Amino acid sequence: MKDEQMILDRDTAYKKKESLFPEFLNVETINQCNLNCVMCPIDKMTRARGTMSMELYEKIIEECRNYTNVIKNFSLFMQGEPLLDNLLERRIKIAKEAGIPNIQIATNGTLLTPSRAKKLIDSGLDSIIISLEGISKNVHEKVRVGSKYEKIITNLETLISIRNDLGLAKPEITVRMLAFKENEPQREIFIDHWKTKVEEVIINPLHNWGGAEPFGRKVSYANFKCDYLWKSMVILIDGRVPLCCLDYDGVYTLGNVYDESIYNIWHGEKYKIYRKKYKNNQIELCTHCNWIPGSIITHIRKGRVIYDKYKNSKKKCLSGQVKDICLLWTRK
Ligand code: SF4
Ligand code: SF4
């Protein structure tokens, strides 16, 4: 009965039918990075490193141009630092010219020099997320190993001023912090500092990468409501489609965009099988996963609080009973 209830819970958690085409696409243009952040499994990745060929990228864009009314978000990153890819701005321009909406990157900010900031603005990028792990050098550099906090802040402030001086609204800028125990005392100052300078401030929980890392909430699988397989798709540099963005090593392969269209993969046999397996609790990665896609602790937009789960959960976290929010700092 418990298992039946679990499946029922999950059945109501997502749409009964997948979208016509993935609404959220993550295209991994490069899978290399210049940092070694403590919560990132990139150092464990066994698949080949490199960049996506323009041939494959253009194939993706050619198909996506037919679904611009379905696509809600087109992210050019997955496992790696997108600014290491010298073709990035060209890729953004091509996507933009194809009419693809909400083109986004997330960056560690280390390579966001003034000339790169200008190129990104010129490319038509819609939004950029910059990862900051607090308001102090000490905490940020402890998490983002290999980075220089002051340099990133200078880069970010330069991006803001170049864009504002040009009188442009885009790219919208988000600063994103992960909820570590160490940066919790800086939370209010972080929000107050950035909420008037950038469009969005987001605090995300940590997660365990489907069990690969010892972080995150202790959630019951039965409470999980993941619609990833019904709405979102990742394409790796070699064209393979993994289960989701937590399948960082591409252990599950649901198709390859080199060989098939995105549409055919999305509506193909493998996706059908994995959607069914998900409902029946049979995907190993999902059984360990504690990430709910889109999960956010705090969301401030244009100075307004859109969402703040932190206040209700603070007592539980500080008392050590980690339930809703992860504020764990544990690494093997
Ligand atoms: S910057 Fe991103 S990809 Fe690079 S190590 Fe950190 S979390 Fe991983
Ligand atoms: S691993 Fe997690 S995020 Fe990925 S499909 Fe499974 S439950 Fe969803």
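Start by selecting ligand 1: around it stand Cys-33, Leu-35, Asn-36, Cys-37, Cys-40, Ile-42, Gln-79, Gly-80, Glu-81 and Asn-108. A residue belongs to such a shell if its C-beta atom, placed from the backbone, lies within 6 Å of the molecule. This is a predicted model: local features need pLDDT of at least 70, side-chain atom pairs count only at pLDDT 80 or more, and totals for chains, interfaces and linings use all residues. Residues are numbered from 1 along each chain as its sequence is written, while chains are lettered from A and ligands numbered from 1 in the order in which they are written.

Colour the ligand 1 shell by type. Five residues are nonpolar, four polar and one charged. Here Ala, Val, Leu, Ile, Met, Phe, Trp, Tyr, Cys and Pro count as nonpolar, Asp, Glu, Lys and Arg as charged, and the others, Gly among them, as polar.

Next, select ligand 2. Its shell has 13 residues, and the closest are Cys-226, Tyr-228, Cys-244, Cys-286 and Cys-289. Helices α8 (228–231) and α11 (284–288) each give two or more residues to this shell. Helices (H or I, at least four residues) and strands (E, at least two) are DSSP runs, numbered from the N terminus. How do the shell residues around ligand 2 divide? Twelve are nonpolar, one is polar and none is charged.

Now show the strands. Nine of them form an open sheet with mixed pairing, in the order β7-β1-β2-β3-β4-β5-β6-β8-β9. Two strands pair if DSSP finds at least two bridges between them. Which strands are at the edges? They are β7 (232–235) and β9 (304–308), each pairing on one side only.

Zoom in on β1 (residues 24–27). Three bridges join β1 to β2 (residues 73–75), and the two run parallel. Find Phe-24: opposite it stands Asn-73 in β2.

Move to β8 (residues 298–301). Thr-298 and Ile-300 are on its covered face, His-299 and Arg-301 on its uncovered one. In a regular strand the side chains alternate between the two faces of the sheet. Strand β6 (residues 200–204) runs antiparallel to β8, with four bridges. Glu-200 stands opposite Arg-301.

On to the hairpin. β8 and β9 also pair in the antiparallel sense, over four bridges. Arg-301 stands opposite Arg-304 in β9. Two residues lie between these strands, and Lys-302 takes a positive phi near 50 degrees.

Last stop: select Ile-235. Leaving aside neighbours within four places in sequence, Ile-235 is in contact (C-beta atoms, placed from the backbone, within 7 Å) with Val-27, Glu-28, Ile-60, Val-241 and Val-257.

Note on methods:
Contact = placed C-beta atoms within 7 Å. Buried ≥ 20, exposed ≤ 12 C-beta atoms within 10 Å, placed from the backbone.
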